[in-house]
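Subject: Structure for you to look at

Hello,

Here is the structure I promised to send. Please open it alongside this email; my notes follow below.

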Amino acid sequence: MTFCKAEFGDWGARAALTIAALMLMGASAHAQQLPHSLRDALLGHKGPAEARRAPAPPVARYVSEAGGAFVFDQAAPRPLMKFDNSAEIWVLQAQPASRGDVIYRNDLGEPVLRVTKLGGIILFTDDAPMGAAAALSGRAQSIQPPSILSFNVFVQRVRIATARASRAAQRDIEFATVEDVRPETSVLAADSATIVAEAFERMARKGDRSLISRIARVLLTEGRKPSASLKDGALTITYSPEQGLAGRPSSKKIIKVIHR
């Protein structure tokens, strides 16, 4: 791994980042009380005694009846969600629904959460497309990332993403930046690399390793709109600093591009 200068003040150096792939050798379960029924979760309470309960904290952890746990952060500028077993932070778009409910969608327009008028939460996943009730577990810390990463932290995060992607593809994957990575774009660039690794690992678990094994390079570049494209063995991830954390494609969008 080489950089023009290993100091934070030299973020503006061009073509500074080319990281050789590393291989790493690779959850905790949380036992939580779940709602007695889907109806309980949809109503937002378990019975008349809890009808006047306090609203959920703006940043809270939930446990789904399907077994998954996640943090839902409504205190951030955009609603965020993160599963306990994943490093990806999902940026959601709120949309009014019937009966006063609110549906939160990902960047593909797919429903991720439904929050009822009385506070019940339904989680939608690939394994539970019709929805699974989720019970409030307690308060949680905000999952909003910092605005700036130090140079060393940025390098470490991309190195980890490189290793994870390479392990999933069962071949060396090179990560590189197309232009300058500045302090104000460091978080988004590093997060884009992390999400690529998440996409590769998800595809590998589903038996799609042959698709990702065709990819030799991941290029991180700035642009006006977040996007992903694949050409001649190079996966290009475009991130848009102007859109904040929403300015990078999700792992689902990346997977969709690779499958084309």
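Leaving out neighbours within four places in sequence, Asn106 is in contact with Trp90, Val91, Leu92, Val112 and Lys252. Please keep in mind that this is a predicted model. Asn106 sits in the loop between S7 and S8. Is Asn106 buried or exposed? Asn106 is buried, because its relative accessible area is 7% and the cut-off for buried is under 20%. The side chain of Asn106 also reaches the backbone nitrogen of Leu108, at 2.9 Å. As for Val91, its C-alpha atom is 6.6 Å from that of Asn106. Along the chain, Asn106 and Val91 are 15 residues apart.

Next, the salt bridges. How many does a search of the whole structure find? The search finds 14.

Start with Lys252, one of the contacts of Asn106. The side chains of Lys252 and Glu110 form a salt bridge, with N to O at 2.9 Å. Lys252 lies in helix H5 (residues 251–259), while Glu110 lies in the loop between strand S7 (102–105) and strand S8 (111–115), so this pair ties together parts that are 142 residues apart in sequence. Glu110 is partly exposed, at 29% relative accessible area.

The second pair is Glu174 and Arg217, whose side chains meet in a salt bridge at 3.3 Å, N to O. This pair also links distant parts of the chain: Glu174 is in strand S11 (residues 174–177), Arg217 is in strand S12 (residues 217–222), and they are 43 residues apart. Glu174 counts as partly exposed at 27% relative accessibility. Arg217 counts as partly exposed too, at 34%.

Are the two partners buried or exposed? Asp101 counts as buried, at 4% relative accessibility. Arg99 counts as exposed, at 64%. The labels differ because buried means under 20% and exposed means over 50%.

Now the sheet. Nine strands form an open sheet, and the pairing is antiparallel. In what order do the strands run? The order is S5-S4-S3-S2-S10-S9-S8-S7-S6. The edge strands are S5 (90–91) and S6 (93–96), and each of them pairs on one side only. Within the sheet, take S3 (residues 69–73) and S4 (residues 80–83) as an example: they pair in the antiparallel sense over four bridges. In that pairing, Asp73 stands opposite Leu80 in S4.

Last, the overall figures. The protein has 260 residues, and 47% of them count as buried. Its secondary structure comes to five helices and 14 strands. The accessible surface is about 13500 Å². Carbon and sulfur atoms account for 52% of that surface.

Lys252 is in contact with Asn106 and meets Glu110 in a salt bridge.

Best wishes

Technical notes:
Residues are numbered from 1 along each chain as its sequence is written. This is a predicted model: local features need pLDDT of at least 70, side-chain atom pairs count only at pLDDT 80 or more; totals for chains, interfaces and linings use all residues. Side-chain values use heavy atoms; hydrogens and water are left out. Helices (H or I, at least four residues) and strands (E, at least two) are DSSP runs, numbered from the N terminus. Buried means under 20% relative accessible area, exposed over 50%, partly exposed in between (1.4 Å probe, protein chains only). Accessible areas come from the Shrake-Rupley method with a 1.4 Å probe; for residues, only the protein chains shown count as cover. A salt bridge is a side-chain nitrogen of Lys or Arg within 4 Å of a carboxyl oxygen of Asp or Glu. Two strands pair if DSSP finds at least two bridges between them. Contact means heavy atoms within 4.5 Å. A polar contact is a pair of N or O atoms within 3.5 Å; within protein, one must be able to donate a hydrogen and the other to accept it, and residues adjacent in sequence count only if both atoms are side-chain atoms.
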